[in-house]
Amino acid sequence: MSNIEPIKEKNLQETQIKEILLDCEKYNIPGELFIRILSHVPSYAENLYDAMKRSFYSGNVSHKLKELIRIQLSFISGDVYSQGIRSKIALEEGLSEEDIESACSNFENDERFSEKEKWALSYSYLMYKDPKKIDSSFYEKGKQFYTEAQIMEIGSFVALHYGLQVFMRTISLSSS
Amino acid sequence: MRSASAKQMGLTEEILDDGIENYEKSENFTKKEKLALLYSELMASNPEKIDCNFYKKLGEFFSEEEIVELGAFIGFNIGYHTFFGTLDFYPMFSPDGKLVDQNESRRIYGDRPLSHLKGAIKRSKEIN
């Protein structure tokens, strides 16, 4: 039992949230249960879902990379719920559990990731583990691989997902 | 930066400083407000301490809707404040509302821009 119970689908009044739940079935991230928790505040559910969906499924950074970052963050934040769910699109793009395990542990030494991907995974890892290391030199290195727009896309993605995962961690929601 | 609405509702720099450094003992805050401030502090620093008992305590003062509102708000801000901190940019305005460039803003707000009373207000007057 979680610390805040998800609203039961039959009790949801807002049409827009019902549509969001159909979307969640299609994409799987951020997951239906998370939306039903946020639905205690319908406007939050609608707007945060919109932000999460846009940050995850649109833009100019690889979706597969973002999924690796999202799951990596979930281990840093301690959010068991987010650890347990997978983006259907990323899986279709070939993301494996081995990729995920490496992104969450030894990515710096793993040849499966390019230097570009390693920078992004370092960025998300350091943001909440050791943010002082994300200095001007770190950003200069990132600009060797990404445009400023892409760096903002990754940074904003990291911020949004990590912050909400920290909240979700305290709810103690299971993805099963 | 400060919320204009919050200032209009009576939030002062003194209350802000108290809320950040001394809220547990302060008479400026109700038990309800103190619990909300503790919720936010723990979510940022020790989320493992926010357990079912803590949520039960929150439930004594807040509805589930309010708790979700607070929790999501806090999480969102934790995420973004940390990200913004890495970008190394400062407020566009001095504490008294004058537009300043980034170098001036860095000088006014310093490395720890949290409290306006601990230097920022004085330093903003020095550039005038």
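**Exercise 1. Where is the place of Asp88(B)?**

Solution. The model is predicted: local features need pLDDT of at least 70, side-chain atom pairs count only at pLDDT 80 or more, and totals for chains, interfaces and linings use all residues. Residues are numbered from 1 along each chain as its sequence is written, while chains are lettered from A and ligands numbered from 1 in the order in which they are written.

Step 1. Helices (H or I, at least four residues) and strands (E, at least two) are DSSP runs, numbered from the N terminus. Asp88(B) sits in the loop between H5 and helix H6 (102–109) of chain B.

Step 2. Most residues other than glycine have a negative phi, and most peptide bonds are trans. Asp88(B) is not a glycine, yet its phi is positive, about 60°.

Step 3. A residue is buried if 20 or more other C-beta atoms, placed from the backbone, lie within 10 Å of its own, exposed if 12 or fewer, and partly exposed in between. Asp88(B) has 12 other C-beta atoms within 10 Å and is therefore exposed.

**Exercise 2. Classify the packing of H3(B) against H5(B).**

Solution. Step 1. Two packed helices are described by the angle between their axes and the distance between the axes. Axes are lines fitted to C-alpha atoms, for helices over the stretch in contact, and angles run from 0 to 180 degrees between N-to-C directions. For helix H3 (residues 31–45) and helix H5 (residues 64–87) of chain B, the angle is about 40° and the axes are 10 Å apart.

Step 1. Angles under 35 degrees count as roughly parallel, over 145 as roughly antiparallel, 65 to 115 as roughly perpendicular and the rest as oblique. H3(B) and H5(B) are therefore oblique to each other.

Step 2. A crossing is left-handed if the near helix is turned anticlockwise from the far one by less than a right angle, and right-handed if clockwise. H3(B) crosses H5(B) in the right-handed sense.

Step 3. Residues are in contact if their C-beta atoms, placed from the backbone, lie within 7 Å. H3(B) brings Ala36(B), Tyr39(B), Ser40(B), Met43(B) and Ala44(B), which meet Leu70(B), Ile74(B), Gly75(B) and Ile78(B) of H5(B).

Step 4. Ala, Val, Leu, Ile, Met, Phe, Trp, Tyr, Cys and Pro count as nonpolar, Asp, Glu, Lys and Arg as charged, and the others, Gly among them, as polar. The contact of H3(B) with H5(B) holds seven nonpolar, two polar and no charged residues.

**Exercise 3. Describe the contact between chains B and A from the side of chain B.**

Solution. Step 1. Chain B contributes 23 residues to the contact and chain A contributes 25 residues.

Step 1. On the side of chain B, helix H4 (52–61) and H5 each supply at least two residues. H5(B) has the largest share, 18 residues.

Step 2. Sorted by class, the side of chain B that touches chain A has 13 nonpolar, seven polar and three charged residues.

Step 3. One residue of chain B, Val68(B), touches Ile4(A), Ile37(A), Leu38(A), His40(A), Val41(A) and Tyr44(A), leaving aside residues up to four places away in sequence.

Methods. Two residues are in contact if their C-beta atoms, placed from the backbone, lie within 7 Å.
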